[in-house]
Amino acid sequence: ILEFAMTIKPIGVTLKDGFNMIPVSPATGYRLIAAGELESFKVGRATRITIASIESFVARNKASRQIAA
């Protein structure tokens, strides 16, 4: 059972954790959500950011840096 639990990848993280993963300030993080750069969803009253949108954001920014260099 423990092996199975370790293979489960979360689909979302808290706003604080998501902003720390990028890393950006909360103000910038909220702007990214409003601009559609990061995808969020609600679980009750709590808001989460999808891991997929964080990974996509990082990949897009990594690619744009390589093009600019």
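This is a predicted model: local features need pLDDT of at least 70, side-chain atom pairs count only at pLDDT 80 or more; totals for chains, interfaces and linings use all residues.
Is threonine 50 buried or exposed? Its relative accessible area is 11%, and since buried means under 20%, threonine 50 counts as buried. If we set aside the neighbours within four places in sequence, threonine 50 is in contact with Ile11, Gly12, Glu39 and Phe41.

Three strands form an open sheet in the order β1-β3-β2, and their pairing is antiparallel. The edges are taken by β1 (12–14) and β2 (40–43); each has a single partner strand, so one side of each is left without a neighbour in the sheet. On average, neighbouring strands of this sheet are turned by 45 degrees against each other, direction ignored. As a reminder, strands of a sheet pair through backbone hydrogen bonds, either parallel or antiparallel. Here β2 and β3 (residues 46–50) are paired in the antiparallel sense over four bridges. To find your place in the strands, look for lysine 42, which stands opposite threonine 47 in β3.

Now for the aromatic rings. How many aromatic pairs does the structure hold? There is one. It consists of phenylalanine 19 and tyrosine 30, whose ring centres are 5.5 Å apart; their planes stand at 75 degrees, so the pair is edge-to-face. The cut-off behind that label is an angle over 60 degrees. This pair links distant parts of the chain, with phenylalanine 19 in helix α2 (residues 15–21) and tyrosine 30 in helix α3 (residues 26–34), eleven residues apart. As for accessibility, phenylalanine 19 is buried at 4%, whereas tyrosine 30 has a relative accessible area of 47% and is partly exposed.

Phenylalanine 19 also leads us to the nonpolar core. In soluble globular proteins, nonpolar side chains tend to be buried together. In this model, the largest nonpolar core has twelve residues in all: Val13, Leu15, Phe19, Ile22, Val24, Leu32, Ile33, Leu38, Ile49, Ile51, Ile54 and Phe57.

Leaving aside neighbours within four places in sequence, leucine 38 is in contact with Ile22, Gly29, Leu32, Ile33, Ile49, Ser53, Ile54 and Phe57.

Key:
Residues are numbered from 1 along each chain as its sequence is written. Side-chain values use heavy atoms; hydrogens and water are left out. Two strands pair if DSSP finds at least two bridges between them. Helices (H or I, at least four residues) and strands (E, at least two) are DSSP runs, numbered from the N terminus. Axes are lines fitted to C-alpha atoms, for helices over the stretch in contact, and angles run from 0 to 180 degrees between N-to-C directions. Buried means under 20% relative accessible area, exposed over 50%, partly exposed in between (1.4 Å probe, protein chains only). Contact means heavy atoms within 4.5 Å. Rings of Phe, Tyr and Trp (its six-membered ring) pair if their centres lie within 6.5 Å; planes under 30 degrees apart count as stacked, over 60 as edge-to-face and the rest as tilted. A nonpolar core is a set of buried Ala, Val, Leu, Ile, Met, Phe, Trp, Tyr and Cys residues joined through side-chain atoms within 4.5 Å.
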